[in-house]
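Q: I would like to learn how to read the features of a protein model, going from a single side chain to pockets and rings. Could you take me through them in turn?

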Amino acid sequence: MSAEADRLRAADDGTASWRTWGPYVAERAWGTVREDYSADGSAWDYFPHDHARSRAYRWNEDGMAAVCDEDQRLCLGLAVWNGRDPILKERMFGLAGHEGNHGEDVKEYWWYLDSTPTHSWLTWRYHYPQEEFPYGDLVTENARRGMSEGEYELVDTGVFADGRFWAVTVDYAKATPDDILMRITVENCGPEDATIHVLPTAWFRNTWAWGRSIAPVPVLQSAGRGEVRATHEVLGVWTLAHDPEADVVFCDNETNTRRLFGASVGPAFPKDGINDHIVVGAATVNPDLTGTKASVHHVVSVPAGHKREIRVRLSAGALPGDLGGSFAEVMSERRSEADEFYADLCPSSLSTDEGAVVRQAMAGLLWGKQFFHFDVEEWRDGDPSGPTPPPRRARDRNAAWSHLSAHDVISMPDPWEYPWFAAWDLAFHCVPLAHVDGQFAKDQLLLLLREWYMHPNGQLPAYEWAFGDVNPPVHAWAALQVFQCTGAADYEFLERVFHKLLLNFTWWVNRKDMSGLNLFEGGFLGLDNIGPIDRSGELPIAGELQQSDGTAWMAMYCLDMLEIALVLARHDSSYEDMTTKFLEHFAYIASAARSSSLWDEEDGFFYDVLVAEDGRRFPLRVRSLVGLLPITATTTLGRQTLARLPGFAASLDAFIRAKPQHAAPIAQTHLRDGHEGRLLSLIDPRSLVRILGRLFDPGEFLSPHGVRSLSRHHLDNPFVLRIGDFQAAVGYEPAESQTGAFGGNSNWRGPIWLPANILLIQALRRFARYYGDDVRVEFPTGSGRSMSLNDAADELASRVVELFIPDSTGRRASQPDMQEAGSSDAWRDLIAFYEYFDAETGAGLGASHQTGWTALVAELLLHRQDPRE
């Protein structure tokens, strides 16, 4: 067992708190719902980027390459300044939702290069221009561009010309759980000597300014040459050791009310005091060398092509840690142990490039763990020391979620673009996370099922912009994946998940089957703009929208709950009753889907259907993931399972006899290699063949880079819905969205999305488990090339993986902008994990640090069949 595995075991059994400190500081806290105290809910306007350096955050901090304790009391991060910018670089810059031509978008380049699961080793990289950062140009040009144009990125400004940038690398290593070493390396990649200001910064989260805390204000103060002392009522005393030749400047993490609000009084040394002192020489740092924010100021001149290193060390107690020989030894040891840990994780069949994708995907996931603090009731009512909230707050956003009180480290979709949890994203995150930190993955799945998250009615919170929105029910699927990945032995975990998901399943049945016909709604269900109408909004006619994806998600949910119950029934026969419940419920849903107008026999595809109050039916004939998702509602039952659970087997036979009209989805059997298997599937065999013909058709769903979210057929044949005076259309858009629907920052009308691809690939493997080589498909459709379903799944997986693998020229399909930035070593091995991908070119789109669910590429690699076997 590796040293990192030993640390994980110690953290799991409570003998050493290796997880207490980690990279739990968001890249962005401004522009979030938590910090929005406006009357109209305009979060981006109420707390813009321009306020972030001057205004104390109410709920949680942000910063660059920053770490903190699990309650975010004390933070340690980085600020830099090139001597030309109007402000210190303390946080990443990006456009607010209304500023970008495709919604919010960060305009910087940084990467999460490495992390062990206990964060005993961390590596972060940032490329910082040596010329003045083009804030104004980025805002102006993106505002000028329309939605039909690409986004204007930092590399497009020319600021990286001739390699004039700093490659800033931050490494952290823990000598012990409460002894944290930080090494900052600045490399001058430009052609001339240059100077950079480097400021490792420690600060306390502001918990004292809101009128709710009676604890003493924590203190940072100079303790002599090379030492800063941190004192906190709960944390105790900590010491930041630094170069004794460097200056240390102090201010307070409190709002500059003079600058922001024109107040006549305010803190003498506010949050932006260090910024103003370094940039313009203002007398805004405390001459008494004390405060709640402190920076160690290094002015570093570096020859072209050379590097300089800066060290600090944060440790519990009053004695400073060594910055000399033992510092270098710990750094080297932890890096070596990280190498050992990932060598054990990655199969030998993976290439060096594939192993790098796995390691950086995991690094992004682990850096994406953020402290998330949000008490909806406190936010709604306002703070004693703050202004009275507007009356509408009590009835507007998240008004029904006053029970929700979050104070946890959570895996976030993207630390800048989405610095808040999303229920279905989190479920997908946990699947690759289970490979490196099984206990954390389990804890995350359980977290949203706890009483301070799950609504009393059983609904899971979606995300902070609207906790009451509906995300697809993939928690049970993820729990099964995590259970299997971590040894298939933690039955207590599976039981806890199952009991709470019974409440959530019941909520779905009671709230999202309006007609009681086992045909489900759900709204946009995470697929944003995939249809011609806003599926979460008011319908164009009085009636209901029966959704193929909503129905498929619920059929899949039934099967996942069935599989969990089957596992638990091995050890507790009382769960056998639940196996029958979910088997029969699946049969009702699947038979309803098969016999309803969701299935279009002429087209051989599933569609949503708008049903008017007078009974008229309007199929929304858009060939999209909506109609592919029914493939995912499938599993198999073997003879051994039925023999082990005779009561379940008897109930299955009895149901088939008693309810023949609902039996087809669970009655299909197949004899292969002398063994009989049973298929449970929403889709019958004939319909499956027809849908797979479209799935594998390059003119429809099969892209060189995976499965499209919408058929390419609609490029020349857009779907138009006309009902009376209402008209709406959907066409194929392989890249960014061409409309402002759902903020315009995501697009499900063509691009490649990894979660959907993973589910479809797994479904093909389940069908292959049943049919084996007895069923073969043409792949691609029209090619004359025949293969098994398992081989077809492998082909799809390879197309997705190739997005991230450099070709013979070093180019990655997902990162064409990096080719423009330069081909030097400074850029070559840095992998971005985008939110979604252009279906034609493979270029990454949307959020650029979506590890997040794009880390599912690691799942594909780690489960790939070794070709030598």
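**Reading a model feature by feature**

A: The side chain of Thr284 comes within 2.7 Å of the backbone oxygen of Gly273. Keep in mind from the start that this is a predicted model. Thr284 belongs to the loop between helix H6 (273-280) and strand E15 (290-291), and at 16% relative accessibility the residue counts as buried, because buried means under 20%.

Q: Is Gln661 buried or exposed, and in which loop is it found?

A: Gln661 counts as exposed, at 53% relative accessibility, because the cut-off for that class is over 50%. The loop in which Gln661 is found runs between helix H18 (646-658) and helix H19 (664-667). Gln661 and Ser591 are 70 residues apart along the chain, and their C-alpha atoms are separated by 7.8 Å.

Q: How should I read a pocket, and how much space lies in the second largest pocket?

A: The general idea is that rolling a probe the size of a water molecule over the atoms shows where empty space is left. In this model, about 810 Å³ of space lies in the second largest pocket. Its lining is made up of 33 residues, of which Tyr418, Trp420, Asp528, Phe742 and Asn745 are the closest to the centre.

Q: How do the residues of the lining of the second largest pocket divide into nonpolar, polar and charged?

A: The lining of the second largest pocket has 14 nonpolar, 10 polar and 9 charged residues.

Q: How are aromatic rings compared with one another, and how many aromatic pairs does the count come to?

A: A pair of aromatic rings is described by the distance of the centres and the angle of the planes. With ring centres required to lie within 6.5 Å, the count here comes to 51 aromatic pairs. For Trp507 and Trp508, the ring centres are 5.7 Å apart and the planes stand at 90°, so this pair is edge-to-face. Trp507 is buried, with a relative accessible area of 6%, and Trp508 is buried as well, with a value of 2%.

Q: Which residue is 46 residues from Trp508 in sequence and 8.1 Å from it in space, C-alpha to C-alpha?

A: That residue is Met554, which lies in helix H14 (residues 548-569). Met554 is buried, with a relative accessible area of 0%.

Q: Which residues form one aromatic cluster, and where do charged side chains sit over a ring?

A: One aromatic cluster is formed by Trp59, Phe372, Phe374, Trp379, Trp401, Phe421, Tyr453 and Phe467. As for charges over rings, the charged end of Arg28 sits over the ring of Trp416, at 4.8 Å from the ring centre. Lys581 lies over the face of Phe582, and here the distance from the ring centre is 5.3 Å.

Q: Which residues other than glycine have a positive phi?

A: Among them is Ala65, whose phi is near 50°. Ala65 lies in strand E2 (residues 64-69) and is buried, with a relative accessible area of 1%. His119 also has a positive phi, of about 60°, although it is not a glycine. His119 is found in the loop between strand E6 (110-115) and strand E7 (121-129), and this residue too is buried, with a relative accessible area of 1%.

Q: What is the relative accessibility of Arg334, and in which helix is Arg334 found?

A: Arg334 is found in helix H7 (residues 325-345), and at 7% relative accessibility it counts as buried. The C-alpha atoms of Arg334 and Leu113 are separated by 15 Å, and the two residues are 221 residues apart along the chain.

Methods. Residues numbered from 1 in each chain as written. Predicted model: local features only at pLDDT ≥ 70, side-chain atom pairs only at ≥ 80, totals over all residues. Heavy atoms only, no water. 1 Å grid on protein atoms, 1.4 Å probe; cavity = no way out; pocket = protein on both sides within 12 Å on 5 of 7 lines; lining within 4 Å. Points joined across faces, edges and corners; volume = space filled by probe spheres on them. Nonpolar A, V, L, I, M, F, W, Y, C, P; charged D, E, K, R; others polar. Phe/Tyr/Trp six-rings, centres within 6.5 Å; stacked < 30°, edge-to-face > 60°. Buried < 20%, exposed > 50% of the residue type's maximum accessible area, 1.4 Å probe, protein only. Lys NZ or Arg CZ within 6 Å of the ring centre and 35° of its normal. Helix = DSSP H or I, 4+ residues; strand = E, 2+ residues; numbered from the N terminus. Polar contact = N/O pair within 3.5 Å; in protein donor to acceptor, adjacent residues only side chain to side chain.
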